[in-house]
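Visitor: I am new to this one. Could you take me through it step by step?
Guide: Gladly. Ask away once it is in view.

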Amino acid sequence: MEGEALRLDGNAIAGTLGGMFVQDMTEARIACKGCGNVEPVGAEHAYVQAPGIVLRCSHCDEALLVMTRTAGRHRIWFPRSHWLEMGEPTDS
Amino acid sequence: MARAAVRGRLNWTLGEVVELIDETPRVRTIFLEVPEWPGHRAGQHVDVRLTAEDGYQAQRSYSIASAPEDGRLAITVERLPDGEVSEYLVGELRRGDKLELRGPIGGYFVWEARSDGPLLLVAGGSGIVPLMCMLRHRRASDGTVGARLLYSSRSWDEVIYRDELERLAAGSNGPEVIHTLTRSQPPGWKGYARRVDGAMLAEAAWATASMPMTFVCGPTSFVESVAGGLVLLGYPSNTVKTERFGPTGG
Amino acid sequence: MGYISRGFRGKRASDREDARLPPGQYLVDGFPVLSAGPTPHTPLDEWTFAIEDETTQLRTWSWEQFRALPSEDIRVDIHCVTKWSKLDTTWVGVSIDTLLEGVEHHATHVLAISEGDYTTNLPLEDVLDGQAWVAFAYDGQPLEAEHGGPARLLVPHLYFWKSAKWVRGLRLMDHDEPGFWESYGYHIYGDPWREQRYAGD
């Protein structure tokens, strides 16, 4: 395996987030506390082969979101993100 | 408030396998009937979950291959060496079996035929699946924006949807399809015969002035190399959307 | 639990109960790669390993100096919190006992520090007396980057997230402090035989 084989895009966690939020989250924007960049979740880097899921800033690699699942409960942590922003949920 | 009902959270549902088509020796398309399927957009995917009798579970994501306009939902799966889920889907699954899935998923890596600008699609191996969905959607909606596909495969035999791509390209307003075969080429082959690199992108990609929308899909290393190459050509990074399939592909 | 998929078994090497498998684990054939972040690629001439306490660096080795230390062949079973296990894995590494030899300290715990933001905490007594190494070879080959190379911590009696990949140092502490996964709800100690996967188990 070369380079960053395990690095995926944020849309790799769309299903997991979609099971928790009312709408697709890959277009939600997330602001990085490390470098200040704002990107759609789908454009950030997802590491899903781990004890939990880590979404990292595509600019500076800081951990924006960490998701863990224990005893059927999902928890999302926001270690290095300022905010998560999404539009109104719609029918489409 | 007269707003349409809010779509509920994604839930697992059961689809029934109604047809199986072998695209190449290692790749199969699975057609599913999913009750109350809400429709999808080109580029979205489904999560598939398998459960063994003792409760062991494995889950993978697969891009939807069928156009939103098609009657049936289809996913195309490549059998990977040591792939416990792909091994099952390509080798064991039969018509009549049920498959647990949730979707459609993903709003970021999607393309709609009504979008502006020419379309550039760059596929590595099984990364062709969501991009083929986009081309099928374009065809079904009589889309006229320019479309170009650069498709990297190991050999001619391993080109997925090969014949259909030829037909699409030959149709009126059809996409331009450019193949590169990286490992072996048929006799008389005059096309590209190497991995996608900067020079190939410079020749095959749209001029940046035409403001294309670009989708790149395939193994992570392929996607990163191509996306990086496009940015070097001057493509603004927010116009290049990527879907990395991980180390081995979809 | 989901719909039972007819004919699906998964990649497990065997379903049988094995006395060497902790509860809830299954055997795998390959060596799964798990990662919480990008693979670092520090050139060996820039690599260092340090023993530090909370204020000072006490000892440091370059790659050459590290590789000149006495090393051992190791054969151990390893158990990942995501439920896969591998038996009889072989490694070569430098014992933590060797690295701490002659270091004056009053530590009760250590924090293993890796490239990037990954850390993991352990009681000091769990990394002494031949229980832990900094390993640089696996299965007869130099440790690959995807598996933590050039060197990773190896503490096989605990869940494998404690065997920090890309380790660059050990911080000697007089208290316990949760590392990366421990901060996100994973067990502070992580004994696979008591199935201590999550905090509160």
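Visitor: Where in chain A is the place of A:Ala5?
Guide: This is a predicted model. In it, A:Ala5 sits in the segment before β1 (8–9) of chain A.

Visitor: Why is A:Ala5 called buried?
Guide: Count the C-beta atoms around A:Ala5. There are 21 others within 10 Å. The cut-off for buried is 20 or more. So A:Ala5 is buried.

Visitor: Which residues is A:Ala5 in contact with, leaving aside its neighbours within four places in sequence?
Guide: They are B:Thr220, B:Ser221, B:Gly246 and B:Pro247. Contact here asks for C-beta atoms within 7 Å.

Visitor: How far apart are A:Ala5 and A:Pro79?
Guide: In sequence, 74 residues. In space, 24 Å, C-alpha to C-alpha.

Visitor: Which residues of the largest nonpolar core touch the most other members?
Guide: That core has 129 residues. B:Leu121, B:Leu131, C:Ala112, C:Val134 and C:Ala135 touch the most other members. Helix α2 (residues 128–140) of chain B gives the largest share, 7 residues.

Visitor: What is B:Leu131 in contact with, beyond four places in sequence?
Guide: B:Leu121, B:Ala123, B:Leu149, B:Phe215 and B:Cys217.

Visitor: How many residues of chain C are in contact with chain B?
Guide: On chain C, 14 residues are in contact with 19 of chain B. The chain C side has 4 nonpolar, 5 polar and 5 charged residues.

Visitor: What is the mean pLDDT of chain B?
Guide: The mean is 93, and 95% of its residues reach 70 or more. Over residues 1–6 of chain B, the pLDDT is below 50. Where pLDDT is low, predicted coordinates should not be read in detail.

Conventions:
Residues numbered from 1 in each chain as written. Chains lettered and ligands numbered in written order. Predicted model: local features only at pLDDT ≥ 70, side-chain atom pairs only at ≥ 80, totals over all residues. Core = buried A, V, L, I, M, F, W, Y, C linked by C-beta atoms within 7 Å. Buried ≥ 20, exposed ≤ 12 C-beta atoms within 10 Å, placed from the backbone. Helix = DSSP H or I, 4+ residues; strand = E, 2+ residues; numbered from the N terminus. Contact = placed C-beta atoms within 7 Å. Nonpolar A, V, L, I, M, F, W, Y, C, P; charged D, E, K, R; others polar. pLDDT = per-residue confidence, 0-100.
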